[in-house]
Structures are given as C-alpha cells and as structure tokens.
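Q: I have a structure to go through with you. Could we take it residue by residue and then move on to the fold?

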Amino acid sequence: TLPHRYPFVMVDRVLEIVPGERIVALKNVTINEPYFVGHFPRLPVMPGVMIIEALAQAAALLTYQTLNLNESDGTLFYFAGIDDARFKRPVTPGDQLRLEVEMVRVMRGIGKFKARALVEGAVAAEAALMCAYRTADRNAAQERRSESIEAR
C-alpha cells in the first residue's frame with residue numbers, strides 16, 4: 001500500500017503487476033477531485049503534475065512489490081527527476097487514466113521508470129521518472145518538524 005491518503009491517493013486499482021518489470025493501474029478521474037475547483041472552473045482539466053504524480057505512485061507500488069518493501073516499515077518514495085515529460089491530450093472528469101509503468105532499473109536507492117498515462121487507448125502523458133526510496137525514521141522527522149516550528 002501507499003503511504004498517501006485522501007485527497008492525494010492517485011491510484012484506484014492495480015490491474016496487473018509483474019515485480020521487477022511493470023505495473024498497470026487505474027485512476028478514475030471524477031469532478032470531485034479538489035483541484036478541479038480552480039483548474040479550471042469552466043473547463044476542468046486534470047493538472048499535468050497530478051498525472052505525473054499518479055504515474056509516480058504506480059512506480060512506487062511496483063518498487064514496493066519488487067523489493068519486498070512496505071509503507072508500514074517507513075519506506076517512502078521521493079521524486080528525484082522527471083525527464084522528457086510530454087502531455088498529449090487533456091484529461092477531464094469522467095476519464096479513466098490507465099497508468100502503465102515499466103521498471104528500467106533500480107540501484108542504490110534510486111529507481112528509473114518509463115511511464116505513460118492513457119485515456120481510451122490514447123496517450124495523455126508520458127515521462128521518464130526517477131524516484132528515490134528511503135526508510136524514514138518517523139520519530140526523527142517529527143523532531144525536525146518540532147525544532148523547525150520552535151525556531152520560528
């Protein structure tokens with residue numbers, strides 16, 4: 001499972017997963033998504049960064065399965081790079097995003113992925129993603145946040 005919670009979970013269902021190779025997942029795009037209120041009020045369009053986030057979350061699920069990791073052990077994924085991102089068509093409420101992510105390689109805490117999002121078989125977005133995974137010490141993270149607040 002992902003450490004994300006509503007409203008930031010971008011993967012609704014996993015259709016297929018082959019550890020070390022690929023994942024196919026779905027994101028149902030509904031008018032209830034919080035970003036549609038302002039992007040754009042008269043013509044709602046899913047922001048490209050949210051499509052890329054959905055692809056990254058699918059990549060995280062693939063990596064969890066491949067490396068036998070778990071969000072409950074504190075492993076988190078962070079973007080390390082996005083290359084060659086292209087947006088081919090708008091994604092609007094009612095669309096179903098098919099998230100296809102292929103693992104290129106995982107080495108020393110960094111995963112590289114080839115990803116694309118499709119709507120009805122047409123590519124909506126594609127990118128090469130790089131994600132770092134780290135085991136977070138939740139207590140240390142909380143202490144850093146507390147120190148930062150106190151310093152203000």
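Q: To start, is Glu100 buried or exposed?
A: Glu100 is buried, its relative accessible area being 18%. Buried means under 20% relative accessible area, exposed means over 50%, and partly exposed lies in between, with a 1.4 Å probe and protein chains only. Please note that this is a predicted model, in which local features need pLDDT of at least 70, side-chain atom pairs count only at pLDDT 80 or more, and totals for chains, interfaces and linings use all residues. Residues are numbered from 1 along each chain as its sequence is written, and side-chain values use heavy atoms, with hydrogens and water left out.

Q: Which residue forms a salt bridge with Glu100?
A: Arg116 does, and the closest N and O atoms are 2.9 Å apart. A salt bridge here is a side-chain nitrogen of Lys or Arg within 4 Å of a carboxyl oxygen of Asp or Glu.

Q: Where do Arg116 and Glu100 sit in the chain?
A: Arg116 is in strand β5 (residues 110-119) and Glu100 is in strand β4 (residues 96-107), so the pair, 16 residues apart, links distant parts of the chain. Strands are DSSP runs of E with at least two residues, helices are runs of H or I with at least four, and both are numbered from the N terminus. Arg116 is partly exposed, at 33% relative accessibility.

Q: How many salt bridges are there in the whole structure?
A: The search finds seven. One of them joins Arg22 to Glu16, with 2.5 Å between the closest N and O atoms. Arg22 has a relative accessible area of 35% and is partly exposed; Glu16, at 29%, is also partly exposed. Another joins Glu33 to Lys27 at 2.8 Å between the closest N and O atoms, and both of these residues are buried.

Q: New topic: what is the volume of the largest pocket?
A: It is about 180 Å³. On a 1 Å grid over the protein atoms alone, a pocket is an open set of points where a 1.4 Å probe fits, with protein on both sides within 12 Å along at least five of seven lines. Grid points are joined across faces, edges and corners, and the volume is the space filled by probe spheres set on the points.

Q: And which residues line the largest pocket?
A: The lining includes Arg22, Glu100 and Arg116; a lining residue has an atom within 4 Å of a point. By class, the lining has five nonpolar, no polar and six charged residues. Ala, Val, Leu, Ile, Met, Phe, Trp, Tyr, Cys and Pro count as nonpolar, Asp, Glu, Lys and Arg as charged, and the others, Gly among them, as polar. Strands β2 (22-28), β4, β5 and β6 (122-135) each supply at least two lining residues.

Q: What is the order of the strands in the sheet?
A: The open sheet of six strands runs β1-β2-β4-β5-β6-β3, with antiparallel pairing. Two strands pair if DSSP finds at least two bridges between them. Strands β1 (13-18) and β3 (75-87) stand at the edges with a single partner strand each, so one side of each has no neighbour in the sheet.

Q: How many bridges join β2 to β4?
A: Seven bridges join these antiparallel strands. Among the residues involved, Arg22 has Glu102 in β4 as its bridge partner.

Q: Lastly, what pattern does the protein follow along the sequence?
A: The pattern is β-β-α-β-β-β-β-α, with two helices and six strands. Of the 152 residues, 38% count as buried.
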